Amino acid sequence: MEKHIVALREITVWYGQQGIKERPAVDRASLTVAPGEIVGLVGESGSGKTTLGLVAAGMLAPDKGEVVFDGQVVQTGSRHGMQVHRRNVQMVFQDTAGALNPRLTIGAALDEVLYVHRQALAMPLPAQRDARRNELLDAVGLAPDVLERYPHALSGGQRQRVGIARALAVHPRLLVADEPVSALDVSVQVQILNLLKSVNERLGQACLFVAHDLAVVRYMCSRAYVMEAGQIVEAGACEALFRDPQHPYTRKLLEAVPDVEKGLKKRNMAPGIRVS
Ligand code: ADP
Ligand code: MG
């Protein structure tokens, strides 16, 4: 097995014409995720987390730098190269409503992804897809009655479960979860986080977990990267990172959330985590 499932090396992304903006959205950022590992990416709004996540997921080609997936350099400049990479990586988004087509029932949304990938999934027959659809619902804790419903008739938490089911449909080796609970009620957040954790434990796919909330990252990840103004400014084990931050920006982030411990307790996240 490769040491890393994904390695981003010195990734730079400019939006618009280079030079018009004074700085790139992502500036020589490097990170790695090991197989089965959940790695955090934290930073304020606008620091470049989503942009780097899109690069990791093969949805955006970097202007500079290298994406290495399972030991192979992804041909980010070629459409085919990006398509191949996208089969291995799936994204879970913050905006649960925007991620689903409002005119498709949940059943149709799941059918769609299974149909598109029918060859790769080796399930050309509708009956096979039906079985897989039920398996996916089961994996994310949804009852079959959601199949007939439209996205707007579901709660945010239920929609995010559908988003996770769709992502899992193609057996990705890496999930990029971009602030997957930021738009959800606090009471629902921990349920979705626990679902992501249990899916990671059962299926073993790796996860790049993007968040601005340090309590959430601490709950989910053993290791994290801190991003400021497009650059990775600090990285390490969460415990050390949050106990003894080295970079002033990390300290500033921690000061903005004065009590990570309290944040965890408020959301019933305290069990299973060591708070030093
Ligand atoms: P984050 O996810 O940490 O909030 P983003 O990756 O969304 O950060 O944004 C990083 C920077 O790039 C910000 O300055 C943002 O305004 C800019 N940006 C993001 N998306 C676009 C886009 N599609 N076009 C132009 N600028 C963008
Ligand atoms: Mg973002």
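How many disulfides does a search of the whole structure find? The search finds 0 disulfides. Keep in mind throughout that this is a predicted model.

**Stop 1**

Select cysteine 221 and cysteine 238. Cysteine 221 is in no disulfide, and its nearest cysteine sulfur, that of cysteine 238, is 5.4 Å away. Cysteine 238 is likewise in no disulfide; its nearest cysteine sulfur belongs to cysteine 221, at 5.4 Å. A disulfide needs the sulfur atoms within 2.5 Å. Now color by accessibility. Cysteine 221 has 6% relative accessibility, so it counts as buried. Cysteine 238 has 3%, so it counts as buried too.

**Stop 2: the sheet of 6 strands**

Pick out the open sheet with the order E6-E7-E8-E3-E9-E10. Its 6 strands have mixed pairing. Which strands stand at the edges? They are E6 (89-92) and E10 (231-237). Each has a single partner strand, so one side of each is left without a neighbour in the sheet.

E6 pairs with E7 (residues 174-178) in the parallel sense, over 4 bridges. Select methionine 91 to see valine 176 of E7 opposite.

Step on to E8. E7 and E8 run parallel and are joined by 5 bridges. Leucine 174 has alanine 206 in E8 as its bridge partner. On the E3 side, E8 and E3 pair in the parallel sense, again over 5 bridges. There, valine 42 has alanine 211 of E8 as its bridge partner.

**Stop 3: inside E8**

Select E8 (206-211) by itself. Is E8 enclosed or open? 6 of its 6 residues are buried, so E8 is largely enclosed by the rest of the structure. Both faces are covered. One side carries Ala206, Leu208 and Val210. The other carries Cys207, Phe209 and Ala211. Each of these residues is buried.

**Stop 4: the sheet of 4 strands**

Move to the other open sheet, with the order E2-E1-E4-E5. Its 4 strands have antiparallel pairing. E2 (26-33) and E5 (72-73) stand at the edges. Each has a single partner strand, so one side of each has no neighbour in the sheet. Select E1 (residues 6-13) with E2: these strands run antiparallel, joined by 5 bridges. Valine 13 has valine 26 in E2 as its bridge partner.

**Stop 5**

Select H1 (residues 49-56).

Next, select H2 (residues 79-88). H2 lies across E6 and E7, and runs at about 65 degrees to E6.

**Stop 6: ligand 1**

Finish at ligand 1. How many residues surround ligand 1? There are 11, and the closest are Gly46, Gly48, Lys49, Thr50 and Thr51. Show side chains here. Begin with glycine 46: one of its polar backbone atoms is 2.6 Å from an oxygen atom of ligand 1. Go on to lysine 49, where an N or O atom in the side chain is 2.8 Å from a ligand 1 oxygen. End at threonine 50, with a polar side-chain atom 2.8 Å from an oxygen atom of ligand 1.

Technical notes: Residues numbered from 1 in each chain as written. Chains lettered and ligands numbered in written order. Predicted model: local features only at pLDDT ≥ 70, side-chain atom pairs only at ≥ 80, totals over all residues. Heavy atoms only, no water. Buried < 20%, exposed > 50% of the residue type's maximum accessible area, 1.4 Å probe, protein only. Pairing = 2+ DSSP bridges. Helix = DSSP H or I, 4+ residues; strand = E, 2+ residues; numbered from the N terminus. Contact = heavy atoms within 4.5 Å. Axes fitted to C-alpha atoms, helices over the stretch in contact; angles between N-to-C directions. Near = heavy atom within 4 Å. Polar contact = N/O pair within 3.5 Å; in protein donor to acceptor, adjacent residues only side chain to side chain.
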